[in-house]
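We will go from stop to stop, picking residues as we go.

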Amino acid sequence: MSSKATLPADFVVERGQTQKDVNYTILANLANRFPKGATIQALDLPCGNLEFLTYLRKLFPAAKLWGADLFPPSNKSQDVSFVEMDLTKDFTLPDQQQFDLITSISGVMMFSNTLSFIRNCASRLKPGGTFIVTNDNSATIIDRIAYLLFGRYRMFRPIYDDTEELTENVPVQELCRLLRKHGIEIEKIEYTSSYSKDLVYLPAALLVYPIQQLYLSRLKTNLPESLKQQMYPFKHLFCKHYIITGRKVA
């Protein structure tokens with residue numbers, strides 16, 4: 001079993017606009033995936049205030065960095081080519097522009113058209129290119145208890161205001177389906193962002209997990225067994241976020 005990817009001790013990564021440990025985990029994996037001098041073309045969607053791209057620049061000084069979002073970042077950077085666009089619609093990037101790496105961190109729960117977004121991302125990846133998409137996990141043991149008692153998930157209220165931002169509860173199985181459907185081979189699914197205080201729910205998790213595993217083992221599907229195991233490890237009952245890494249089939 002391979003050890004968990006890490007960054008140098010002096011490479012400090014803040015949480016940013018996502019769950020804890022998400023940015024660090026992605027950056028550590030990318031440091032192992034590409035050589036430091038790689039001249040990759042990388043695109044971050046949505047790029048927010050360029051926090052993730054700033055870390056990516058430190059890892060890969062020769063990379064060509066792109067970012068896109070609905071609004072310009074508060075702190076513009078000469079190192080990043082920014083495109084203002086609605087990510088739920090067709091991308092307005094330069095024609096024929098393709099990328100070695102596309103990342104989408106904590107974005108899909110805010111998009112009203114996940115299918116269109118995944119399709120557009122896949123079309124902009126070079127053959128063999130890397131696609132990393134992350135999302136909040138709404139299948140934790142806390143989410144399950146909350147739904148049983150209140151009819152809601154942890155991150156999603158049972159009633160949305162007209163101005164609600166977090167509205168798209170996209171489960172891991174749907175993201176996996178969309179990625180595979182659009183030519184992305186899923187290489188790895190990692191769960192992260194857990195808290196020791198949630199271990200109070202361990203007895204419930206120990207009761208639920210064997211039942212879930214029995215059900216999954218009897219469920220007829222064409223998915224590889226290894227992928228099913230990555231989608232639903234025991235830790236998914238406690239981790240609040242997951243990271244899917246895939247590669248575009250050449």
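Start by selecting Arg33, Glu187 and Arg247, which are linked in a network of salt bridges. A salt bridge here is a side-chain nitrogen of Lys or Arg within 4 Å of a carboxyl oxygen of Asp or Glu. This is a predicted model, where local features need pLDDT of at least 70 and side-chain atom pairs count only at pLDDT 80 or more, while totals for chains, interfaces and linings use all residues. Residues are numbered from 1 along each chain as its sequence is written, and side-chain values use heavy atoms, with hydrogens and water left out.

Zoom in on Glu187 and Arg247, whose side chains meet at 2.9 Å, N to O. Glu187 lies in strand E6 (residues 184–192) and Arg247 in strand E7 (residues 241–248), so the pair ties together parts 60 residues apart in sequence. Strands (E, at least two residues) and helices (H or I, at least four) are DSSP runs, numbered from the N terminus. Glu187 is partly exposed at 34% relative accessibility, and Arg247 is partly exposed at 30%. For these labels, buried means under 20% relative accessible area, exposed over 50%, and partly exposed in between (1.4 Å probe, protein chains only).

The structure holds 12 salt bridges. Next, pick Asp100 and Lys126, another of these pairs, with the closest N and O atoms 3.4 Å apart. Asp100 sits in strand E4 and Lys126 in strand E5 (residues 125–136), so this bridge ties together parts 26 residues apart in sequence.

Now show H1 (residues 22–33) and H2 (residues 51–59) as cartoons. How do their axes meet? They come within 11 Å and cross at roughly 30°; the axes are lines fitted to C-alpha atoms, for helices over the stretch in contact, with angles from 0 to 180 degrees between N-to-C directions. H1 and H2 are therefore roughly parallel, the word used for angles under 35 degrees.

Time for some backbone checks. Most residues other than glycine have a negative phi, and most peptide bonds are trans. Select Leu45 and Pro46: a cis peptide bond joins them, with omega about -15°. Pro46 lies in the loop between strand E1 (41–44) and H2. Then pick Asp21, in the segment before H1, which has a positive phi of about 75°. Ser106 also has a positive phi, near 55°. Is Ser106 buried or exposed? Ser106 is buried, at 11% relative accessible area.

How values were computed. Parallel < 35°, antiparallel > 145°, perpendicular 65-115°, else oblique.
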